[in-house]
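Hello,

Here is the structure I promised to send over. Have a look at it first, and then read on for what I found.

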Amino acid sequence: HVHVVHQLEVAWTWHSGGARPAVSVISSNPLMVDGVLYCTTPSNQLAALDAATGAEKWRFDPFPGGDGGLNRGLTFWRDGDDQRILFGAGRFLHAVDARTGRLIPGFGDGGRVNLSRGQGDPESKMMVLARSPGVIYRDLIIMPIKVGEGPDAAAAGNICAYDVRTGRLVWVFHTVPQPGEYGYETWPADAWKTSGGANPWAGLSLDDERGRWLR
């Protein structure tokens, strides 16, 4: 079939709200699953829409009354009737029931995980932001993060894997190697104590069959 662009018509329009002139940015890729469109708003609220009509099914606000910051995408995970949207806002990874739009209580602390824990100090004031979507490997979500880049103000930028069901931190890959780890000798002595900013902020990809990173 040949489709002529000038013959296309708008089927529906959905107004998310939440935009702030000269401040708000939209750079998120939505997800389409079983006829439902999952997306984020300029204030980083998570919404589910009927893809055929544009009708809003539910909306979740990670920081009611505030601004969840920039979001670049979402991650979907399913095991039977257990369907989850995992997305970042601030320094937290949230697990939201894809059917109801509610946090899943059994995940992390009431439905969210503080990603600062994987950087060594959950109480640290250094910038740790969850902006890009994680990648799923079996029952793990592997998370990239954004950290600071200034001297003495940057978290390491470790890559962390969390249990999709519980939010438990399963493993940590130190991007700045620690003693006994591969590559430690290529860094200045004890660089892992002071160096940071070695983070993958733009997202991750991996070979699902071999369980290896793609290079």
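Strand β11 (residues 140-143) is covered on both faces in this predicted model: Leu140 and Ile142 are buried on one side, and Ile141 and Met143 on the other. Buried here means under 20% relative accessible area, with exposed over 50% and partly exposed in between (1.4 Å probe, protein chains only). Strands are DSSP runs of E with at least two residues, and helices are runs of H or I with at least four residues, numbered from the N terminus.

β11 has two antiparallel partners, β10 and β13. Strand β10 (residues 135-137) is joined to β11 by 3 bridges, and two strands count as paired if DSSP finds at least two bridges between them. Isoleucine 136 has isoleucine 141 in β11 as its bridge partner. The two strands make a hairpin with 2 residues between them, and arginine 138 in that turn has a positive phi of about 55°. Strand β13 (residues 159-163) pairs with β11 over 4 bridges, and there methionine 143 is partnered by cysteine 160.

Of the 215 residues, 43% are buried.

A note on the numbers: residues are counted from 1 along each chain as its sequence is written, and side-chain values use heavy atoms, without hydrogens and water. As the model is predicted, local features need pLDDT of at least 70 and side-chain atom pairs count only at pLDDT 80 or more, while totals for chains, interfaces and linings use all residues.

Best wishes
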